[in-house]
Amino acid sequence: MNISLECTEKVRCREVDLSSSFCRSVYSEIEEVGWEHLVKLDHDLMILSFQILDKKGRAHIMEIELEKAYPRCPPSISAFQEHLEKLQEFWCTLDNIDKSLWVVYPKEPSRATSCREINLGNDCFIMLSINVNDPRSLPDCGRCRFMGSDPIVNSLRKKWRRNSKRWVKDKSLVENLASALETSLPGPPDVHKNEQQVECGICYAQFLPIDEELGAKSGSGTDCTCENTSCSRAFHSVCLGDWLRSITTTRQSFNVLFGNCPYCSDPVAVKISDTRK
């Protein structure tokens, strides 16, 4: 009985020693990589996730699963690094599209999605699926789809077919796209300006309510902006008109109200509609 207990205790001590050795090895490796790059550590230390940067400065999450025999069987990440290298051109192409063109889908483009819906102007769009293995190549029929009014779409399709032979892989996809469609493509909208003008500075809503009393203004967005560039707050002209009517210093000339911005006090003027006089 004593012999059995002694053997059990030796096994337990050996397991503790091995566990301690394992922990020290893992912590030592993390220390070498840098704790600031560690984003996840499993409770048993068998799974680790690190954030690493590729040569273009893009961040990626690399998950490592350790063997029980670690560190005698160190994990290998060579395949992961090789995979990153193969995707560099693909990611560069996506970044160029997202930076240079008006991407409407996905709303928050990521490098994990190869599809891009691009606004070509005149309420016309093109849906492209970028070839991961050959991102600069001409998208074939299955990877390219036009959307919009029939006359404009038919015209673009003719240009696409006519100019497809002019596609040069030494150029970027954005350059080739503009050349194939014989047009200058619209760039991304001014995000900051759009955000600034989305909400009315008085009612704090993007759109007016649907109401017959508002007439043509029913359901409309902001249509009046303070001309002070340091302010530039946006308003519904209906809301601003109601605001100015409540201020005793407001002056009216015909159907125009003259007063001060509710935010910066600079002069503002707004044309009032017949429905809200």
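User: Let me start with one cysteine: is C239 buried or exposed?

Analyst: C239 is buried, with a relative accessible area of 12%. Here, buried means under 20% relative accessible area, exposed means over 50%, and partly exposed is in between (1.4 Å probe, protein chains only). Before we go on, this is a predicted model, where local features need pLDDT of at least 70 and side-chain atom pairs count only at pLDDT 80 or more, while totals for chains, interfaces and linings use all residues. Residues are numbered from 1 along each chain as its sequence is written, and side-chain values use heavy atoms, with hydrogens and water left out.

User: Next, salt bridges. How many does the structure hold?

Analyst: Side chains of opposite charge can pair when their charged atoms come close. For the count, a side-chain nitrogen of Lys or Arg has to be within 4 Å of a carboxyl oxygen of Asp or Glu. The structure holds 6 salt bridges. One of them joins E89 and R136, 2.7 Å from N to O. E89 is in helix 2 (residues 78–100) and R136 in the loop between strand 6 and strand 7 (144–147), so this pair ties together parts 47 residues apart in sequence. As for the naming, helices (H or I, at least four residues) and strands (E, at least two) are DSSP runs, numbered from the N terminus.

User: Which residue forms a salt bridge with D98?

Analyst: That's R116, with the closest N and O atoms 2.8 Å apart. This pair links distant parts of the chain, D98 in helix 2 and R116 in strand 5, 18 residues apart. D98 is partly exposed at 24%, whereas R116 is buried, at 0% relative accessible area.

User: What about strand 5 itself: how many of its residues are buried?

Analyst: Strand 5 (residues 115–121) is mostly covered, with 5 of its 7 residues buried. To read its neighbours, remember that two strands pair if DSSP finds at least two bridges between them. Strand 4 (residues 103–105) runs antiparallel to strand 5 and is joined to it by 2 bridges, with V103 opposite I118. Strand 6 (residues 124–129) is also antiparallel to strand 5, through 6 bridges; N119 has F125 as its bridge partner there. The hairpin of strands 5 and 6 has 2 residues between the strands, and N122 takes a positive phi near 55° in it.

User: In what order do the strands of the open sheet come?

Analyst: The order is 1-2-3, with antiparallel pairing of the 3 strands. Strand 1 and strand 3 (59–65) are the edges, each pairing on one side only. Strand 1 and strand 2 (residues 47–53) share 3 bridges, and L41 has L48 as its partner in strand 2.

User: Where is W35 placed?

Analyst: W35 is in the loop between helix 1 (2–33) and strand 1 (38–41), and is partly exposed at 38% relative accessibility. Y27, W35 and L41 form a nonpolar surface patch of about 270 Å² accessible area together. Patch residues have over 30% relative accessible area and no salt bridge; like charges are joined within 9 Å, nonpolar side chains (Val, Leu, Ile, Met, Phe, Trp, Tyr) within 5 Å. Accessible areas come from the Shrake-Rupley method with a 1.4 Å probe; for residues, only the protein chains shown count as cover.
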